[in-house]
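Please look through the sequence and the structure shown below, and keep both at hand while you read the explanation that comes after them.

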Amino acid sequence: MQAEKTVLERIERRTLQWFGHLRRMDQQRWSKRIFDWSPNRRGVREEEMILRDMLLELNESCEQYGMKINANKKKTMVVARKIRKCFITLVLLIIKDVYVLINYLSFVEALFTTLSVSGLLWLRYKKPHAVRPIKVNIIFPIIFFIICVFLVTLPFYVSPWEVGIGLILIVSGIPMYLIFIYWKNKPLWLVRTSVGPVARKIRPWMVGTGFILLRIRTDGGLRFSMLKTEVNGKTPSYMELAKWKFLLTLPDHYKDSDLQRKLLAGICEGNMAPYYTAVCADLNWNVDHALLAKMQAANREKLLEFDKENDSGKSRDEEEPRLWQEKLEYLSSIGDKEAAMKLATEKSQDTSLSTNCRLDAVFAMFRIAYFHGCDRDGMKNAIDKAVGLIDGTGGAGGDWSARNKLKAYEAICSLGHRDYGRAANLLLDAVPTFESYELLDFGTLIRYTVLSCMIALSRCELNEKLKNNGAVMQSLHAQYPDLLNFYRSLDYGRYSEFFVNLATIETSMRLDHLLHPHYRHYIREMRLKAYSQLLQAYRSLSLKSMAEAFGVTEEYVENEVAKFAALGRLQCKIDRVAGAVVTNSYVNDDKAGTQLPENAPEATYQRDIMYQNTIKHGDHLLNRLKKLTRIMDF
């Protein structure tokens, strides 16, 4: 009698067998090399590694051929080719956008690939019976040749400038050939420049210059970022005025003259007469009636133009959505909340319009509420209407773009209502395909994503969803080191650094018009999360050790832990005599089988799960050993 193996056990056994086979492989086997491979340096981008390899190749080649050049004059072209390659590399290092480099070189590669495949087809036609080590069906080279021709001809129409640069790179080899190979009677100074000691002196200068440019590109102001918001879209300038107005309501910035000048300049630039009136009322400014009359005249003139376009007979053709959308955007840009909301509400309820047009009107209602003091009720009503429009037609309402925008809008609304869990999931989905630039810029989206994930996700979920999110981590490494340090300090258990970074986060949240009402709650919950994470690994921990870990005094830690323990947020107690924090064990002999309380921290749940799994697997192992002893022949 033999116990049957489950599928999971078979998979586990096969995995261990393959791991043992892999570890016993020779070091030259590809499977072993791939398994043992690791990046050379964390944070080095692919194009920088390629450029670095090109410079190192130049250094090695010049060293080899410079010493043997007198034995074989034909190798002069090799040095010339390397010098030309170095100069081209130095020029490419200056270019900031890697996509431009890809366009330059991809055309060159596609062109020469096309020429190579055409030569193959020509040889198959002229010498069909020639001996070939590898021979495939002719249809495959023909298909590949057609694709290559398409890749070569299409860039002439799409990006002629990049194609021109690629052709210049190709043609740059002709002067090198004419000077160093075709020209037989070269002057002595040119010969000494291309070979011999002079060439060896030029080599370190070119290679050194290349590494300097590469360091500037890696660490300086030309740092590359694959997520450039200015390429895809730009947030309207008037959206920034709401943040400045909010800062002027805070006691620390109430009399900030620079902010006042910036806000007034932005209002005058956009002729925002209605918004100017609201700002003067909220901030107790004296109204400049001459300036107000000038802006109101400009507003009436612009609205009159919209009315003339509507009366010109275009109101019933394909231009109608564009006209009212432009008018709605203009009313929003000048801060006329009542008129803009009235027009948006009217268009959102107009059943004669398409679903996408009605959704645009609803999104405009959301932006109006967001711009005018982050009205949480107004944002929630707009989200409910948008969800109703999409789900009201059997889940088929709105195109992909509208559904994608809804994620970002709903995430902002969730942050305003302190629903960090839903905001984190929505923001993680919205980051890779973000296009709601009319609401906020990409940097603000990344910031909101990290803040919501830090408080809503567990440590394992942070590593799974945030750390493995390439778009978020690329932005953190390139542009937001403060957020990256905030995440890493908690993830790596550097709690003293975490408290320092948390203070920086508190300052930034206090100045954010959306997160300001919640910054105290957020900071308190993050402190609780740090305490819970530290106590997770201990049955008891001295107050002195805990204070040293967080970089604070023992009195501060004792008051904090006592406060959270009294509220039931931390399942622990303080031993004043021993000067230690003792965690409550919910899994022991006296309380076996009892249920965990609803407010037990995550650490307690994890400890309980680990304990139960250990007992379960231990019993299973003992039962299998008993069955095995019955059939074993001693």
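Predicted model: local features only at pLDDT ≥ 70, side-chain atom pairs only at ≥ 80, totals over all residues.

The paragraphs that follow go through record annotations, a pair of packed helices and the salt bridges.

An unreviewed UniProt entry places the feature "transmembrane region" at residues 83-102, 137-157 and 163-183. For one of these stretches, residues 137-157, the model gives a span that is 90% helix and 0% strand, with its end C-alpha atoms 32 Å apart.

Two packed helices are described by the angle between their axes and the distance between the axes. Helix 23, which covers residues 459-466, packs with helix 25, which covers residues 481-491, at an angle of about 140 degrees, and their axes are 11 Å apart. Helix 23 and helix 25 are therefore oblique to each other, and helix 23 passes helix 25 in a left-handed crossing. On the helix 23 side, Arg459, Leu462, Asn463 and Leu466 take part in the contact, and they meet Tyr487, Leu490 and Asp491 of helix 25.

Side chains of opposite charge can pair when their charged atoms come close. The structure holds 17 salt bridges, and one of them joins the side chains of lysine 245 and aspartate 282, with a distance of 2.7 Å from N to O. Lysine 245 belongs to helix 12 (residues 239-249) and aspartate 282 to helix 14 (residues 273-283), so this pair ties together parts that are 37 residues apart in sequence.

Terms used: Residues numbered from 1 in each chain as written. Heavy atoms only, no water. Axes fitted to C-alpha atoms, helices over the stretch in contact; angles between N-to-C directions. Helix = DSSP H or I, 4+ residues; strand = E, 2+ residues; numbered from the N terminus. Parallel < 35°, antiparallel > 145°, perpendicular 65-115°, else oblique. Left-handed = near helix turned anticlockwise from the far one by under 90°. Contact = heavy atoms within 4.5 Å. UniProt positions renumbered as here; feature names shortened; annotations may be inferred. Salt bridge = Lys/Arg side-chain N within 4 Å of Asp/Glu carboxyl O.
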